[in-house]
Amino acid sequence: MSLLIAGVAFAEAPAPSLPKMDSGDTAWLLISAALVMLMLPGLALFYGGLVRSKNVLGTIMQSFIALGVITIQWAFYGYSLAFGPDVGHVVGNLDWIGLRGVGLDPFPGYSATVPHQAFMIFQMMFAVITPALISGAFAERFKFKTYLVFLVLWSTFVYDPLAHWVWGVGGWIKNLGGLDFAGGLVVHISAGVASLAAALVVGKRKGYGKEDMPPHNLTMTVLGAGILWFGWFGFNGGSALASGSLATSAFVATQFSAASAALSWMIAEWADRGNPTVLGAASGAVAGLATITPASGFVGPISAIIIGLVAGALCYYALNLKTKFGYDDSLDVVAVHGVGSTWGVLATGLFAATAINSAGHDGLLFGNPSLIGIQALSVVSVWVYSFAVTWIILKVLDWTMGLRVSEEHEISGLDTSQHGEVGYSF
Amino acid sequence: MKKIEAIIKPFKLDEVKQALSKIGVQGMTVTEVKGFGRQKGHTEVYRSAEYKIDFIAKVKIELITTDEMVPQVIETLERTAKTGKIGDGKIFISPVDEVIRIRTGERGRDAI
């Protein structure tokens, strides 16, 4: 309390060293945080439509409840681990536990023109959506009680340290000069790779490959993809942490990549299978969005189109490989987020231009071959870390709580067995 | 009296119904059904996962008619339900012992 009063008194007699708050920047960041929040119900619909109707509520809940669980985790210690004062370049310490010292004055280390809490709540939405993405890998078979614990453990041991590596003051990838504008490494590769580990540890759905498991409501899925696309303007545009030219540039790149990837996935599938599917166009858009995320604040509009065109086709072919390898990543998180964003982080090393963002670096195409090496090293590090730690977390949960619902409950569905409700009664 | 059951392609229902009305058929029962014959099913692909759909949607028409009307009804069904492509369906004819109109208690031909 005395700190707060001191802060107010201080603001009345501004010292030249105190950062100046900007109302436009603050407004944009708060709106962006709300846009990213909307991606959770968007993801819930996107995933919910892809499962069988007996699992629709259980699947929606896995996205929705992340808003509850991770918000509390973030307030207690998650934010401090991710963005708090550095420990050994790998994680934040616990100085900001319970948001101690995270007040309404700007924290210039992250954002000089907005209240520290605005930055905190914006970053929180990223922490919320990341583990929810993984739920697509083990859809239709995961025990809800275990899922709640998984959310907390995965955020604590995977998301928070990775956010620190890449974005925290003192983080080793940030120090190295690795570029990840809005979370290609932190959000999409980490979730995509965790999904590979999850699909392998949790195992296939009962009857996978023998029974039909078609999506039960693609209209829901396409609406969900549209909400994700809308929210992504906050995800990438908001990551400028200011309203202005950089936010605009990221906003434009986001749209261009999503559009071109929707087209290229649709065309690749059309050529391969004979139908321009709606699910393909929607999946392509999400792949294009996940791909441009790390690059969005560093590349120009035409680069974004090229990145998106490659992303749509690449993710489509990556998805086809799943059948060959035989693992059951039920909603294709590996192919869409993992593969897409791996390309996105590497593409940043090719297409980044300081003419777009002076705080970044030039990529290979703009005469700087060293960036691509740093990007590749970052990708490999995040792949290895996320895969290994996710594997360990799931193995421990398997021994202690059990990962899967019983066979009987898997057949009757998550809605009745886990939640005592049904999604549809008509 | 005979019962005529015809399994036809759903998009042909309107044309068949109108043609039957025109020759004096005064009632029928229509059901949406699924099944397969020589046409077999088809394949749907969702994100590269193929699902074989064995049963195809068809419409089943059931109607009761007098013995004299049977050739005309069959001719009408054959003519209007036909596309010439595989999956046009089948017609089954079977004898009917009795017909009763519930409201009036009429029996036999009068009840048709």
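Guide: A residue is called buried if 20 or more other C-beta atoms lie within 10 Å of its own, exposed if 12 or fewer do, and partly exposed in between, with C-beta atoms placed from the backbone. By that count, buried residues make up 15% of the 112 residues in chain B. This is a predicted model, in which local features need pLDDT of at least 70 and side-chain atom pairs count only at pLDDT 80 or more, while totals for chains, interfaces and linings use all residues. Residues are numbered from 1 along each chain as its sequence is written, and chains are lettered from A and ligands numbered from 1 in the order in which they are written.

Chain B has two helices and six strands. Helices (H or I, at least four residues) and strands (E, at least two) are DSSP runs, numbered from the N terminus. Read from that end, the order in chain B is β-α-β-β-β-β-α-β. Chain B is more spread out than a compact globule, because its radius of gyration is 17 Å, well over the 13 Å that the globule rule gives for 112 residues. The radius is taken over C-alpha atoms, and the rule is 2.2 Å times the number of residues to the power 0.38. Along the principal axes, the C-alpha atoms of chain B fill a box of roughly 60 × 30 × 20 Å.

Next come contacts. Two residues are in contact if their C-beta atoms, placed from the backbone, lie within 7 Å. Among the contacts in chain B with a separation of 6 or more, 69% are between residues 24 or more positions apart.

Now the neighbouring chain. Six residues of chain B are in contact with 10 residues of chain A. On the side of chain A that touches chain B, α10 (278-292) and α11 (301-325) each supply at least two residues. The most come from α11(A), which gives three. That side of chain A divides into four nonpolar, three polar and three charged residues. Here Ala, Val, Leu, Ile, Met, Phe, Trp, Tyr, Cys and Pro count as nonpolar, Asp, Glu, Lys and Arg as charged, and the others, Gly among them, as polar.

Last, the cores. A nonpolar core is a set of buried Ala, Val, Leu, Ile, Met, Phe, Trp, Tyr and Cys residues joined through C-beta atoms within 7 Å. The largest has 140 residues, and those with the most contacts inside it are A:I129, A:L228, A:A285 and A:C315. A second, separate core has 12 residues, including B:I4, B:L20, B:V25 and B:L63.
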